[in-house]
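Please keep the sequence and the model in view while reading.

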Amino acid sequence: MTTALEAVDDLEWAVRLLAGTPTHEGRDPELLRRWAHAADAFGSRLAPVPCTARIVERDDGLARGLLARYTSRPPTVELYTDTLALAERLVDDRGWRAWYPPGSVRAAALAHETVHVHLHHGPARAALKRALGHTALRLGRLRVPGHVVGAEEIAAHAHARTVCGLGRSPLLLTAALAEAAAAPDRPRPAGKEN
Ligand SMILES: [Zn+2]
């Protein structure tokens with residue numbers, strides 16, 4: 001069927017994630033590339049952190065378009081086992097097993113959500129802003145770092161790729177899930193939400 005998703009490299013997937021975010025419409029593509037690179041590097045360098053949130057498994061991810069997500073009140077990571085199983089099947093179908101070893105999709109989802117937990121509760125969020133170098137506001141000589149929508153998502157994917165030892169970013173797998181969801185006779189979208 002298709003253009004090979006794997007022909008698009010991980011950084012380009014990250015750029016596309018930013019470019020697809022409404023607040024970044026009209027931004028210079030080179031700026032988006034710099035942000036994507038900075039966010040990826042930040043996530044890759046982030047030391048592994050234990051997940052301090054409650055972990056809940058659910059089986060209605062395909063119906064809801066979710067693979068995993070973090071909700072802050074109370075701090076909970078939800079893992080959707082049906083979508084994870086579909087992702088594992090896609091890895092086999094596409095011949096990507098060398099990049100995503102058995103069970104690594106769940107491990108990557110957990111590592112990804114753990115970054116959201118970590119950035120939500122700790123000082124790392126400010127460090128990510130500094131790494132991106134986006135200035136929202138200047139007050140005399142003081143620069144106020146700005147929030148870059150989508151950067152945390154890229155950092156979380158990069159962190160998962162690194163700590164789980166994956167050959168490719170989970171962003172590629174997310175693209176495959178989206179494509180599978182868009183095809184006829186396939187389950188509904190597994191969204192990228194958190
Ligand atoms: Zn996320």
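## Two crossing helices

Helices α7 and α8 are roughly perpendicular to each other, a term for angles of 65 to 115 degrees, whereas angles under 35 degrees count as roughly parallel, over 145 as roughly antiparallel and the rest as oblique. Their axes cross at roughly 115° and come within 8 Å, α8 being made of residues 170–182. The contact (heavy atoms within 4.5 Å) involves H157, A160 and R161 from α7, together with P170, L171 and T174 from α8. Sorted by class, this contact has three nonpolar, two polar and one charged residues. Here Ala, Val, Leu, Ile, Met, Phe, Trp, Tyr, Cys and Pro count as nonpolar, Asp, Glu, Lys and Arg as charged, and the others, Gly among them, as polar.

Axes are lines fitted to C-alpha atoms, for helices over the stretch in contact, and angles run from 0 to 180 degrees between N-to-C directions. Helices (H or I, at least four residues) and strands (E, at least two) are DSSP runs, numbered from the N terminus.

## Basis of the model

The model is predicted: local features need pLDDT of at least 70, side-chain atom pairs count only at pLDDT 80 or more, and totals for chains, interfaces and linings use all residues. Residues are numbered from 1 along each chain as its sequence is written, and side-chain values use heavy atoms, with hydrogens and water left out.

## The open sheet

Strands of a sheet pair through backbone hydrogen bonds, either parallel or antiparallel. In this model, three strands in the order β1-β3-β2 form an open sheet with mixed pairing; two strands pair if DSSP finds at least two bridges between them. At the edges are β1 (54–58) and β2 (68–71), each of which pairs on one side only. From one strand to the next, the twist averages 20°.

Five bridges link β1 with β3 (residues 76–80) in the parallel sense, and I55 lies opposite V77 of β3. Helix α4 (residues 81–93) packs on the sheet and touches β1 and β3, with its direction at about 50° to that of β3. Helix α5 (residues 104–121) also packs there, touching β1, β2 and β3, and its direction makes about 20° with that of β2. The loop between β2 and β3 contains P74, which is joined to R73 by a cis peptide bond with omega of about -10°.

## The hairpin

Strands β4 (residues 135–139) and β5 (residues 142–145) run antiparallel and are joined by four bridges. L139 has L142 as its bridge partner in β5, while L137 is partnered by V144. Two residues lie between the strands of this hairpin, and G140 takes a positive phi near 60°.

How many cavities of 30 Å³ or more does a search of the whole structure find? The search finds two. A cavity is a set of points, on a 1 Å grid over the protein atoms alone, where a 1.4 Å probe fits but cannot get out; lining residues have an atom within 4 Å of a point. Grid points are joined across faces, edges and corners, and a volume is the space filled by probe spheres set on the points.

The second largest cavity has a volume of about 70 Å³. Its lining includes R125, K129, H147 and E152, and α6 (124–132) gives the most to this lining, with four residues.

Note on methods
On a 1 Å grid over the protein atoms alone, a cavity is a set of points where a 1.4 Å probe fits but cannot get out, and a pocket is an open set with protein on both sides within 12 Å along at least five of seven lines; lining residues have an atom within 4 Å of a point.
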